[in-house]
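Please look at the model first.

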Amino acid sequence: METGIKHISKTGLIILFLFTVLINVAAAQSVFVGKAGAEGKVLRKYIEPSELKKIVDNPVDSIWIIDVRSEKAFKNGHIPTAKSFPSGTIMNRLNEIPKDKYLIIYCTVGGTVKMVSKKLRKAGYKRYINWGGLSRWEWERATD
């Protein structure tokens, strides 16, 4: 009987998790959006696209927007003011990213940012947040 209860509990948790993922996918938002480093929680106010737009329109030196998609994807359209650090090259370019800057990181849907965030954390970065995917950006994209 106890084994049956444990099985039901595990099954229930799996169903709940899958339901949560499905809801987020249906909302076109990564389940990783908003995940922050130890000192990145202050960036949560920029999770809403309209709030990030304010930083794009009036850049703040202490906050960098980082696109971790491929260079080709970046050139085809990105959030204005974003810096390109493709996920496959970012670890070799850490000397270009100061640890005292706040990093708002995005990719296509948010999953790549999760992997990059783990690498950044291991390298000593604490001021970052997963903004999610470019599809959340409602305004014109830069193509430089």
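Asp-67 sits in strand E1; strands (E, at least two residues) and helices (H or I, at least four) are DSSP runs, numbered from the N terminus. The model is predicted: local features need pLDDT of at least 70, side-chain atom pairs count only at pLDDT 80 or more, and totals for chains, interfaces and linings use all residues. Residues are numbered from 1 along each chain as its sequence is written, and side-chain values use heavy atoms, without hydrogens and water.

Asp-67 is buried, at 0% relative accessibility. Buried means under 20% relative accessible area (1.4 Å probe, protein chains only). Its side chain makes polar contacts, pairs of N or O atoms within 3.5 Å, one able to donate a hydrogen and the other to accept it.

| Side-chain pair | Polar contact |
|---|---|
| Asp-67 and Arg-69 | 2.8 Å |
| Asp-67 and Tyr-106 | 2.7 Å |

5 of the 5 residues of E1 are buried, so the strand is largely enclosed by the rest of the structure. Ile-63, Ile-65 and Asp-67 point one way, Trp-64 and Ile-66 the other.

E1 runs parallel to E3, joined by 5 bridges. Ile-65 has Ile-104 as its bridge partner in E3. E1 also pairs in the parallel sense with strand E2 (residues 83–84), over 2 bridges. Pairing requires at least two DSSP bridges.

The largest nonpolar core has 19 residues; Ile-65, Ile-79, Ile-104 and Trp-131 touch the most other members. Such a core joins buried Ala, Val, Leu, Ile, Met, Phe, Trp, Tyr and Cys residues through side-chain atoms within 4.5 Å. Apart from it lies another core of 15 residues, including Ile-90 and Leu-94.

Conventions: Buried means under 20% relative accessible area, exposed over 50%, partly exposed in between (1.4 Å probe, protein chains only).
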